[in-house]
Amino acid sequence: MATGQVRSSTRAITGWTGTDVAVDAGRALVAVLGYLPPVHVQNDVDAYAFGELCRGAARGITDVLVVAVGTGIGASVVLGGEVRRGRTGAAGELGHVPVVGAAHLTCSCGWPGHLEAIGCGAG
């Protein structure tokens with residue numbers, strides 16, 4: 001269900017879970033514009049994928065996997081021209097796939113053995 005709140009985050013960005021981004025962004029927009037335009041909150045890599053679908057390298061392509069490596073490892077799954085988040089909203093969270101080489105390392109989510117523990121900025 002879309003609420004505009006951050007559902008979950010890792011220790012890479014502490015204190016982010018539960019933040020009502022839609023309300024905070026709306027207040028800032030009202031202060032600048034004087035009115036409240038529609039506010040939509042989206043996962044960063046999903047927004048990136050949507051941009052690629054509309055104006056970038058994925059324009060005209062219906063099935064795409066967009067991968068981003070930075071503070072974490074995320075991906076966006078695009079099928080039939082639509083970004084898919086999955087039943088729990090975690091589709092594309094590649095950083096939390098278990099890998100043998102990370103078995104002795106703790107991921108930013110707190111669990112051991114994830115790809116993100118060795119393959120992102122902090123890793």
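This is a predicted model: local features need pLDDT of at least 70, side-chain atom pairs count only at pLDDT 80 or more; totals for chains, interfaces and linings use all residues.
Residues are numbered from 1 along each chain as its sequence is written, and side-chain values use heavy atoms, with hydrogens and water left out.

I counted 0 disulfides in the structure. For accessibility I took buried as under 20% relative accessible area, exposed as over 50% and partly exposed as in between, with a 1.4 Å probe and protein chains only. Cys 109 is partly exposed at 30%, and Cys 54 is also partly exposed, at 34%.

I then turned to the largest pocket, which holds about 1300 Å³ of space; 35 residues line this pocket, and Ser 8, Asn 43, Asp 44, Arg 85 and Glu 93 lie nearest its centre. A pocket here is an open set of points on a 1 Å grid where a 1.4 Å probe fits, with protein on both sides within 12 Å along at least five of seven lines, and lining residues have an atom within 4 Å of a point. The volume is the space filled by probe spheres set on the points, joined across faces, edges and corners.

I followed Asp 44 into helix α2, helices being DSSP runs (H or I) of at least four residues, numbered from the N terminus. Asp 44 is exposed, with a relative accessible area of 60%, and its C-alpha atom is 11 Å from that of Val 67, 23 residues apart along the chain.

Notes
Helices (H or I, at least four residues) and strands (E, at least two) are DSSP runs, numbered from the N terminus. A disulfide is a pair of cysteine sulfur atoms within 2.5 Å.
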